[in-house]
Amino acid sequence: MHEVDLTDPAVIADPFTAYQHAREAGPVARLSIPGMPMWALTRHEDARAFLTDPRFTIRAASFAGIPGVPDEYRRYLRTMSEMDGPDHLRLRRLAAPAFTARRAQADRAVVEPVVEKLVAGLPGEFDLLRDFAKPLPMLVICELVGIPEADRADWVEWGAVIASGDVGRLGEAIPGIVEGAKSVVAARPETGLLADLIRAEDRMTDTELVTLVWHIVLAGQTPANLIANAVAELWTRPDVLAELRADPDLLPGAVDELMRWCGPQLLTVPRFAGEDVDLCGVRVGAGEPVTVAIAAANRDPAVFADPDRFDVRRGAATQLGFGHGPHFCLGAAHARVQTEVALAALLGRDLALAGEPVRAPDPGTWRLTELPARLGV
């Protein structure tokens, strides 16, 4: 059984090579992680089947175990992403109309002025992650949801707390997050994304509605890491930049290729076996965690021709960066549009990288902590 040690500095520095070796060794690898070793599927077809397999379920653990949360706020910590079965399906169906591909394209008119304002405000030298990629998605989702201007700084700060992974600070922030969501619901906007949810409030509890609102807002920041990774990749490829500038219609396909090539998630949220399972010839015991090595599946030669070549003209979007099955990323269409608009704006400027990107030493994600850049005069 091939084993990947996620504490190995070589794996953290180059997870793509590590997962390539794992995929070549077999369809299942063992991930060595302090506290919770798990199985990982490495091949695309097996991964897609696993992500729709009802024998494996997500546990409600991501927020429920946060310390320091007052008891009266704990009922707001079970989000849709931590549910399976009928409750998950019901809430997802209620939220889905606000996140269709058609709605995302219509919301391009909201994204473009936010992007232009951010780009116009960039100084000569700056950190593209801090000054552009991170604030953009939060400002967009605040606009779409209808969060008042005066309250947006609080949501930006709460988003930064969640992104930091600091559970102590998150526990302190939860009351403000929940009360902020309650205020947004109480305002009862008549148009926009939140209005769609409020129209469906008779089919969910007050707790579910408030939880859905805060989770949608804070989950809306996910394009930040994709945008930063995209810039770090594209701006080292002058030939590709020239292609995209000459033919902007290539951008949608380029975004999918960027998700395949350098998407922020290396591993999916683990699922737990509800019974003893034979998984691609490996016995997985009841209760054991299993994940998909996205970095391996997205470069599977059985699905992607010449998978180790970056190609913005690749075509069909079969990459798994946004997941698959019941937990496919609800905001995927919006993330694509935001990334397209952001890249289009930056391609139109004299942007250059101004130093080495700094990556987070995180075995589960491929994300930056700094991306120095500069604009020409």
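Predicted model: local features only at pLDDT ≥ 70, side-chain atom pairs only at ≥ 80, totals over all residues.
Biologist: Which residues does Leu128 touch, leaving out those up to four places away in sequence?
Modeller: Leu128 touches Ala133, Val231, Leu346, Leu351, Leu371 and Ala373. Contact here means heavy atoms within 4.5 Å.
Biologist: OK. How many residues are in the largest nonpolar core?
Modeller: It has 112 residues, and Leu128, Phe132 and Trp155 have the most contacts inside it. A nonpolar core is a set of buried Ala, Val, Leu, Ile, Met, Phe, Trp, Tyr and Cys residues joined through side-chain atoms within 4.5 Å. Buried means under 20% relative accessible area, exposed is over 50%, and partly exposed is in between (1.4 Å probe, protein chains only).
Biologist: Which helix gives the most to this core?
Modeller: Helix α17, residues 332-347, with 10 residues. Helices are DSSP runs of H or I with at least four residues, strands are runs of E with at least two, and both are numbered from the N terminus.
Biologist: And what about a second core?
Modeller: There is a separate one of 17 residues. Phe50, Leu51, Val277 and Ile294 are among them.
Biologist: Back to α17. Is Glu340 buried or exposed?
Modeller: Glu340 is in helix α17. It counts as buried because its relative accessible area is 10%. Setting aside residues up to four places away in sequence, Glu340 touches Arg108, Leu251, Pro252 and Val255.
Biologist: Where is Asp107?
Modeller: In the loop between α5 (101-106) and α6 (108-120). Asp107 is buried too, at 9% relative accessible area.
Biologist: What is Asp107 in contact with?
Modeller: Leu144 and His334, leaving aside neighbours within four places in sequence. Asp107 and His334 are 227 residues apart along the chain, yet their C-alpha atoms are separated by 8.1 Å.
Biologist: Switching to the sheet. What is the order of its 6 strands?
Modeller: β1-β2-β3-β9-β6-β4, an open sheet with mixed pairing. β1 (3-5) and β4 (56-57) stand at the edges with a single partner strand each, so one side of each has no neighbour in the sheet. Two strands pair if DSSP finds at least two bridges between them.
Biologist: How do β2 and β3 pair?
Modeller: Antiparallel, over 4 bridges, with β2 covering residues 28-32. Ala29 has Ala40 of β3 as its bridge partner. The two strands form a hairpin with 5 residues between them, and Gly35 in the turn has a positive phi of about 95 degrees.
Biologist: And how many bridges join β3 to β9?
Modeller: 3, and these strands run parallel; β9 is residues 289-292. Leu41 is partnered with Val292 in β9.
Biologist: Which way do the β3 side chains point?
Modeller: Met38 and Ala40 point one way, Trp39 and Leu41 the other. All are buried.
Biologist: Last topic. How many cavities of 30 Å³ or more turn up?
Modeller: A search of the whole structure finds 2. A cavity is a set of points, on a 1 Å grid over the protein atoms alone, where a 1.4 Å probe fits but cannot get out; lining residues have an atom within 4 Å of a point.
Biologist: How much space lies in the second largest cavity?
Modeller: About 50 Å³. Points are joined across faces, edges and corners, and the volume is the space filled by probe spheres set on them.
Biologist: What lines the second largest cavity?
Modeller: Phe16, Met259, Arg260, Cys262, Gly263, Gln265, Leu266, Ile294, Ala295 and Asn298. The largest share, 3 residues, comes from α15.

Key:
Residues numbered from 1 in each chain as written. Heavy atoms only, no water. 1 Å grid on protein atoms, 1.4 Å probe; cavity = no way out; pocket = protein on both sides within 12 Å on 5 of 7 lines; lining within 4 Å.
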